[in-house]
Amino acid sequence: MAEDIATTRTLLRPPAGSRRLALTPRQVLVLLAVLALIAAVAYMTVGAKGSWSFVLPFRGTKVWAMTVVGCAIAISTVLFQTISANRILTPSIMGFDALYALIQTTLVFVLGGLAYATVDPQLRFVVEVAAMVLFSGLLFRSLFSGAAKSLYLLVLVGIVFGVFFRSLSGLMQRLINPNDFAILQDALFARFSAIDPTLLVVSTITVALVCLWVVRMLPVLDVLALGREHAVNLGVDHKRAVSEILVMVAILVSVSTALVGPVTFFGLLVSNLAYLIIRSHRNALILPAAILLSVICLIGGQVVLERVFGFDTALSIIIEFVGGLVFIAILLKGKGR
Amino acid sequence: MIRAQNVSKAYGEALVVDGVSLELPAHGITSIIGPNGAGKSTFLSMVSRLMPMSAGTVTVDGLDVTRTPSDVLARRLSILRQDNHIAARLTVADLVAFGRFPHSRGRLTVADKEHIDRAIGYLDLTDLAGRFLDELSGGQRQRAFVAMVLCQDTDYVLLDEPLNNLDMKHAMGMMKIMRRAADELGKTVVLVLHDINFASWYSDWIVAMKDGKVRHQGPASQIMRPEILADIYDMDIKVHEIGGRRVSVFYE
Amino acid sequence: MKLVLAILAVLLLAIASLFIGVSDVSLPTLLSSAPEDRPMQVLLISRVPRTLALILSGVAMAVAGVIMQMLARNRFVEPSTAGTVESASLGILVVTIFAPGLPLIGKMLVASLFALAGTALFMRILKEIPLRSVLMVPLVGIMLGGVISSGTAFFAYRYDLLQTLGNWTLGDFSGVLRGRYELLWLAAGLTGIAYIAADRFTVAGLGEDFTTNLGLDYRRVLTLGLSIVAMVTAVVVVTVGAIPFLGLIVPNLVAMAMGDNIRRSMPWIAVTGAGFVLACDIVGRIIRFPYEIPIGTVFGVVGSALFLYLLLRRNARLG
């Protein structure tokens with residue numbers, strides 16, 4: 001385990017040349033904010049036909065949704081990496097989003113598709129998030145708070161959890177009738193193009209509340225990144241802090257999965273980019289950078305895809321492709337050191 | 001005073017620490033010695049609430065370590081274990097500044113900054129303060145962690161094998177710093193040490209553990225005797241007196 | 001001796017597998033009808049091939065998993081955590097798009113080539129990564145697999161083949177008929193070669209220097225091992241679809257029970273693999289009779305639950 005962390009550290013050291021880029025973290029943040037804004041404006045305006053009064057609200061909702069999702073994914077990944085004191089794990093590698101899909105499937109399985117579809121989507125969302133918090137708490141808390149748990153065991157258990165959740169959902173999907181399946185399919189494969197506005201409002205409020213919670217915990221987060229023993233020595237109630245963060249992660253993953261479905265590598269991509277360009281350990285700087293990067297990638301990617309290449313819904317596929325490639329490249333870059 | 005009563009740690013059937021009752025005197029340096037697997041590090045981890053006990057109680061100045069809020073303890077007792085790896089990218093100054101967290105919860109005051117500078121100076125790290133931890137040698141990094149613990153400014157400082165990774169010069173330097181911390185700042189320092197000569201030369205009190213139990217304890221001069229060392233380490237160890245202090249020789 | 005019992009158990013499962021299905025096939029109906037009647041025909045055309053396909057692919061994937069684990073010197077590598085399965089799927093997709101008329105064997109060969117290339121790329125990346133750790137190896141494999149499969153998904157999406165793609169990524173034996181599974185015998189042959197060469201793979205797993213020191217040609221052993229894995233994977237993916245994690249779970253279960261001596265455990269791995277696949281297929285066939293649930297799904301549930309139980313139980317015992 002010690003070796004793993006050492007490896008990650010060497011791997012994630014930025015190339016020597018980057019030191020000449022003498023931007024302070026704050027300047028980097030400003031730059032990123034400007035880029036995010038440009039991406040948003042470009043998305044709203046490029047290639048618009050017809051009346052602005054139609055185009056702006058329509059595209060504005062999408063930009064809004066992508067921002068919420070970007071925040072949720074970036075924050076959940078960075079938080080998760082903080083409590084696992086590791087930079088290559090993400091909630092989705094550990095099976096969190098598969099768990100959410102399983103919860104949705106179970107609800108349809110138990111209630112039946114009709115009942116599921118007629119329930120108020122906001123209420124449904126709240127129930128699903130509550131179930132998610134409960135179950136992820138039960139499953140993952142013991143894994144994280146233990147004293148001498150090895151990292152690889154954690155990862156392995158997480159990956160197998162993911163397979164288990166996915167297969168169990170698959171099994172239940174085979175057992176329900178085709179009508180229910182169609183309803184479930186709609187819920188599972190939500191896309192930016194067809195987002196329920198009420199759900200978006202609830203999600204936004206949820207993410208905003210979690211953000212406030214995170215801000216209050218920022219100093220503790222920095223200490224948690226030192227690893228359990230140091231955190232305990234410095235007087236942090238480790239078990240409690242980890243539980244709180246797992247709750248936040250569960251909520252954020254629910255939001256992003258409910259809005260766009262599972263994305264595996266995206267969080268990994270933005271969190272590691274954030275570590276690379278923000279040369280500081282402080283979460284007060286890393287988190288905003290990760291959020292902005294995530295918004296830039298989502299909205300910018302959508303601009304390129306929709307407006308330049310004329311594809312409609314394949315963004316998640318592209319993100320997985322690029323995210324995975326970038327990650328392997330980061331690993332390879334550690335080569336000479 | 002640190003008081004341990006009947007402290008045990010069991011992994012399944014195996015008792016790693018077996019009913020240790022012990023009073024570690026306030027002020028001065030206490031070294032815990034013993035062969036591999038004697039339970040020294042485990043005991044230290046339980047005293048410092050890093051590891052739960054299977055049985056027993058530990059109090060620090062009357063505070064039960066398992067019940068007292070962690071942040072209260074963190075202002076009274078600090079612990080540094082071996083093998084410190086940190087995923088985040090930190091400079092030496094960043095790391096040392098974390099030592100003030102129990103006092104200021106992340107908002108550094110002027111007084112905190114003075115503590116930080118003093119601790120960095122104490123460990124002779126002033127020139128390295130801006131360097132990242134992963135750019136340092138093992139020994140330098142070890143000193144940075146010790147600086148963080150000293151910066152925490154607690155009455156009790158517990159260190160698990162602080163001489164690991166240090167060459168002779170720096171090992172001696174580290175022990176001198178501990179001595180100064182005990183003498184000048186009135187700290188209570190508890191060390192787990194492998195080198196019995198370092199223990200003999202610098203500590204006031206020695207606790208010798210074997211098979212999870214305390215076998216002997218007493219002032220350094222009383223523990224550094226051939227018959228006691230032979231009992232602990234199962235080998236012939238000769239003890240010579242040099243300059244009024246006892247030094248062991250165990251090469252054949 | 002125990003092994004004989006295990007083989008008997010697998011045989012029992014195989015016999016059970018022969019007599020489960022919608023058509024009435026049982027000993028009385030078989031005996032009371034002529035060979036050209038329906039029961040006998042169903043047995044020969046559908047049931048026997050299916051059972052054989054189950055056994056063959058179970059054995060082959062389990063053994064492929066253990067070979068990969070030896071070569072990469074990592075317990076958590078198997079064809080679906082090393083980019084092999086994903087590469088094979090990409091290969092089939094390419095054939096389907098550019099040469100849809102190619103016979104099955106041709107598809108299989110192309111898929112094998114892709115699988116080999118993907119796996120070789122994985123080994124190459126592993127070699128380039130400094131300080132490879134237990135954790136890093138399967139993660140890199142899963143990443144690489146993700147990259148390849150998102151590429152595959154992209155083209156499948158463009159060519160409207162997503163549904164077809166699903167057939168290769170989720171193992172399903174319901175389409176197995178006489179004349180459509182025989183390629184799997186090839187996998188059986190390859191497994192036999194793997195058994196004979198088992199010691200070489202163990203040696204190669206210890207590293208290039210070590211292997212050369214013992215007078216073996218490292219590259220040749222590596223190529224042999226990877227080729228076997230790639231071809232086995234390709235054959236299985238082409239004929240019945242991937243059964244993810246089979247190659248991970250079975251060897252780990254066997255190793256937990258009897259250690260790592262590969263010559264001793266290889267027969268066990270083969271038998272356990274076959275038994276596992278047979279059992280899961282039977283469950284998938286009866287749980288929602290008369291409909292079938294693909295084995296990939298059933299295996300995912302049963303296998304991962306079992307694996308989790310073992311992992312966490314062992315961990316709990318260690319404290």
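Two residues are in contact if their C-beta atoms, placed from the backbone, lie within 7 Å. This is a predicted model. Domain 1 of chain B takes in 1–76 + 156–221, and domain 2 takes in 84–153.

**How the domains meet**

- The centres of domain 1 and domain 2 of chain B are 23 Å apart, taken over C-alpha atoms.
- Contact between them involves 13 residues of domain 1 of chain B and 10 residues of domain 2 of chain B.
- On the domain 1 side, helix 2 (70–74) and helix 7 (168–185) of chain B each give two or more residues.
- Helix 7 of chain B gives the most to that side, with four residues.
- By type, the domain 1 side that touches domain 2 of chain B has seven nonpolar, three polar and three charged residues.

**Helix 6: span and end**

- Helix 6 of chain B runs over residues 138–151, which is 14 residues.
- From first C-alpha to last, helix 6 of chain B reaches 20 Å, close to the 20 Å expected at 1.5 Å a residue.
- Just after helix 6 of chain B comes B:D153, with a positive phi of about 55°.

**Helix 6: burial**

- Helix 6 of chain B is mostly covered, with 11 of its 14 residues buried.
- Among the buried residues are B:R141, B:Q142, B:R143, B:F145 and B:C151.
- The cover over the buried residues of helix 6 includes strand 6 (77–80), helix 3 (92–98) and helix 5 (110–122) of chain B.
- Strand 7 (156–160) and helix 7 of chain B are also included in that cover.

Terms used
Residues numbered from 1 in each chain as written. Chains lettered and ligands numbered in written order. Predicted model: local features only at pLDDT ≥ 70, side-chain atom pairs only at ≥ 80, totals over all residues. Domains from an automatic or database assignment. Nonpolar A, V, L, I, M, F, W, Y, C, P; charged D, E, K, R; others polar. Expected span 1.5 Å × (residues − 1). Buried ≥ 20, exposed ≤ 12 C-beta atoms within 10 Å, placed from the backbone.
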